[in-house]
Amino acid sequence: MKKVLPILTAVVLIFIIVMIFASMAKEKNMIVIEEGNHSHKPLEVKLNHHQDTQCGMTLTTLVDSAQAISPEGRTWFFDDTGCLALWYKDIDFKDKAVIWVYSRDTKEYIDGRKAWYDKTSNTTMGYGFGAYKVKKEGMIPFEEMLLKMYRGENLTNPLIRKQLLGK
């Protein structure tokens, strides 16, 4: 009986731990991709409920977030335009994807291909590309932002960071 009690206690404890984690996973029910967006408009983001497709982070703010929609209506979510760029590099429907980015100046989703990007914003993942509707000096278009991400020319690169911010 003395040997059975510790084993039984361990089994019960493991069962309780498994049940706690299972209930937490059901409660979270994170959304990475949503189906059926045939209007190709930006979807409402539920903060702490949508998850970045590229890096896996939970979207905790709309600032610097982005959405990409396939011709079939699948919508992917991103917490940083840099994450969108990294994901975009490997998709086979680049020309047909609808891209929405959250504009820092108008506080709404705008067409990501028509947006202007600065290079020094304090973005969620630290890449530095904040999206704007209105162009200001030094801002770059979508294709150049993509190119800079692919080359590693963003604020996560210490040399580029020092060049752009002097730090």
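Trainee: Of the 167 residues of the chain, what percentage count as buried?

Mentor: Burial is read from relative accessibility, and a residue counts as buried when that value is under 20%. In this chain, which is a predicted model, 35% of the 167 residues count as buried. The accessible surface comes to about 10100 Å², and 59% of that surface belongs to carbon and sulfur atoms.

Trainee: How many helices and strands are there in the chain, and in what order do the elements run from the N terminus on?

Mentor: The chain has four helices and eight strands, and, read from the N terminus, the elements follow the pattern α-β-β-β-α-β-β-β-β-β-α-α. As for contacts with a separation of 6 or more, 51% of them are accounted for by residues 24 or more positions apart.

Trainee: Where is Asn 37 found, and is Asn 37 buried or exposed?

Mentor: Asn 37 sits in the loop between β1 (33-34) and β2 (66-69). Its relative accessibility is 4%, so Asn 37 counts as buried.

Trainee: Which residues does Asn 37 touch, not counting residues up to four places away in sequence, and what lies 2.8 Å from a polar atom of its side chain?

Mentor: Once those sequence neighbours are left out, Asn 37 touches Leu 43, Ile 69, Gly 73 and Thr 75. A polar atom of the Asn 37 side chain also lies 2.8 Å from the backbone oxygen of Lys 41.

Trainee: How many disulfides does a search of the whole structure find?

Mentor: The search finds zero disulfides. Cys 55 is in no disulfide, although the sulfur of Cys 83, the nearest cysteine sulfur, is 3.8 Å away.

Trainee: Which residues form a nonpolar patch on the surface?

Mentor: The nonpolar patch is formed by Val 12, Phe 15 and Ile 16, which together have about 280 Å² of accessible area. To take one of these residues, Val 12 is found in helix α1, which covers residues 4-28, and Val 12 counts as partly exposed because its relative accessibility is 43%.

Note on methods
Residues numbered from 1 in each chain as written. Predicted model: local features only at pLDDT ≥ 70, side-chain atom pairs only at ≥ 80, totals over all residues. Heavy atoms only, no water. Helix = DSSP H or I, 4+ residues; strand = E, 2+ residues; numbered from the N terminus. Buried < 20%, exposed > 50% of the residue type's maximum accessible area, 1.4 Å probe, protein only. Polar contact = N/O pair within 3.5 Å; in protein donor to acceptor, adjacent residues only side chain to side chain. Contact = heavy atoms within 4.5 Å. Areas by Shrake-Rupley, 256 points an atom, 1.4 Å probe, with all protein chains shown as cover. Disulfide = S-S within 2.5 Å. Patch = residues over 30% accessible without salt bridge, like charges linked within 9 Å, V, L, I, M, F, W, Y side chains within 5 Å. Salt bridge = Lys/Arg side-chain N within 4 Å of Asp/Glu carboxyl O.
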